Amino acid sequence: MTEATIKYNSKAVRLTEQLRSDIREGKYPAAQPLPTEEELSSFYEVARGTMHRCLRSLCDSGVISRDRRKNLWVAVDDGVSPGPSAGEELCRIGVLLGGSLDQMYFLSMAGIQDFCDRNRLYCEKLQYSDYAGALEILRHIDDYDIDGLIVLPFLAAEYIARLDELNRRGFPIVAIDHNAGLPLPLVESDHAGGTYQATRSLLERYRRPVYFFFSAIRETESASYEGYRRAMIESGFAERLAEHTLEFPYSGSKVALFDLNCSQQCYFALEWLPTIELPVSIVCANDYGAWGVYEAARQLQIPVGEQIKLWGLGDLPLCRNLTPELSSIRQPHEKVGFEAARLLRRIIDRRPAAPIHKLLPVTLVERQSSR
């Protein structure tokens, strides 16, 4: 219910504005729960039904919120809420991030933990040693003392099926980076937008079509391809898309997002670099692919930054250790984690979860490889 739906009751509208004003002036501090509905009704000398409609309107507009024990709290704009009062049971968030222990994992975890610390929530990292262990956690998720789950899904059929089962039965889940094609609430970086910008920068500067190097196994790389494709079409290279799209023939398991090395990418680049006309512009869907291009170019004695203009995605530390330094699209992993935890908390509290799909902007970090 919003204020628009209670216009028929002028007293409820006036009361809503009065409460909103009292909250704004600090009469009800965020560090303490609001008085009960009955107490507020008595204080403002209105009927319980009128107060109930007023509080529902303020909840729907995000001015106040209810915790799991139905206590009312004043919302805070910067994402900090007061959390439970003394003796109140903590909300417990579980985190199950598939893939490798890399920069994305640690920064996402930092963001999740930051939100939990600010809001006095309990964050439990669900530990596993391999894909089978992660799948076992999902199979027995009810044995864990958690109220909801943040996941970076593995791209394996059995794992996805279990996530789908949990989602269908109403278990609170928020995905980060990608949702494996499931109707899960999702918080991710704008892979398509970042790749579009990087591709456009190469197209405008060098006036030639751009190659795109990716692996279709990763859902986020498919999103990146859409950004690349859009930039190429807008620049008049629609008919050149097929010949300039280099799909990396991934030979690993779908339970890994990608290997933390460049060996397979390098082998592939060694095959196709000698077949294309130089100079060349390339956008890679991740920094490991770009690293593979660097290594292949080194072996073929093709100078990156001169004969090869190159962008990666991820802005890993290796970008600054390559020679020349690699231009890359920086993703706000820590912000993604923070927003995922915020969204999960809203879902657990049965508050409106919109927007279900949050797309966070990226930053282009240009270095010598593309200049």
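This is a predicted model: local features need pLDDT of at least 70, side-chain atom pairs count only at pLDDT 80 or more; totals for chains, interfaces and linings use all residues.
Modeller: Residues are numbered from 1 along each chain as its sequence is written, and side-chain values use heavy atoms, with hydrogens and water left out.

Biologist: What makes a stretch a helix or a strand here?

Modeller: Both are DSSP runs, numbered from the N terminus: helices are H or I with at least four residues, strands are E with at least two. Helix H13, for instance, covers residues 333–348.

Biologist: Why is H13 called largely enclosed?

Modeller: Buried means under 20% relative accessible area, exposed over 50%, and partly exposed in between (1.4 Å probe, protein chains only). In H13, 12 of the 16 residues are buried, so the rest of the structure largely encloses this helix. Among them are His333, Phe338, Leu344 and Ile348.

Biologist: What do the buried residues of H13 pack against?

Modeller: Contact means heavy atoms within 4.5 Å. The partners are helix H4 (103–118) and strands S3 (92–97), S5 (148–152), S6 (173–176), S7 (186–189) and S13 (357–360).

Biologist: Which strands form the open sheet, and in what order?

Modeller: The order is S4-S3-S5-S6-S7-S13, with parallel pairing. S4 (122–125) and S13 are the edge strands, as each pairs on one side only. Neighbouring strands are turned by 20 degrees against each other on average, direction ignored.

Biologist: How do you know that S3 and S4 pair?

Modeller: Two strands pair if DSSP finds at least two bridges between them. S3 and S4 are joined by 4 bridges and run parallel. Ile93 stands opposite Cys123 in S4.

Biologist: Why are H4 and H13 called oblique?

Modeller: Axes are lines fitted to C-alpha atoms, for helices over the stretch in contact, and angles run from 0 to 180 degrees between N-to-C directions. Under 35 degrees counts as roughly parallel, over 145 as roughly antiparallel, 65 to 115 as roughly perpendicular, and the rest as oblique. H4 and H13 pack at about 45 degrees, with axes 7 Å apart. The two helices are therefore oblique. Residues that meet there include Leu107 and Phe115 in H4, and Phe338 and Arg345 in H13.

Biologist: Is Arg56 buried, exposed or partly exposed?

Modeller: Arg56 has 37% relative accessibility, so this residue counts as partly exposed. Arg56 sits in helix H3 (residues 48–60).

Biologist: Which residues have a positive phi of about 55 degrees although they are not glycine?

Modeller: Ala180 is one, and Arg207 is another. Ala180 lies in the loop between S6 and S7. At 14% relative accessibility, Ala180 counts as buried. Arg207 lies in the loop between helix H7 (191–206) and strand S8 (210–214). With a relative accessible area of 69%, Arg207 is exposed.

Biologist: Where are cis peptide bonds found?

Modeller: One joins Leu278 and Pro279, with omega about 0 degrees. Another joins Thr323 and Pro324, with omega about -5 degrees.

How values were computed:
The expected span of a helix is 1.5 Å times one less than its number of residues.
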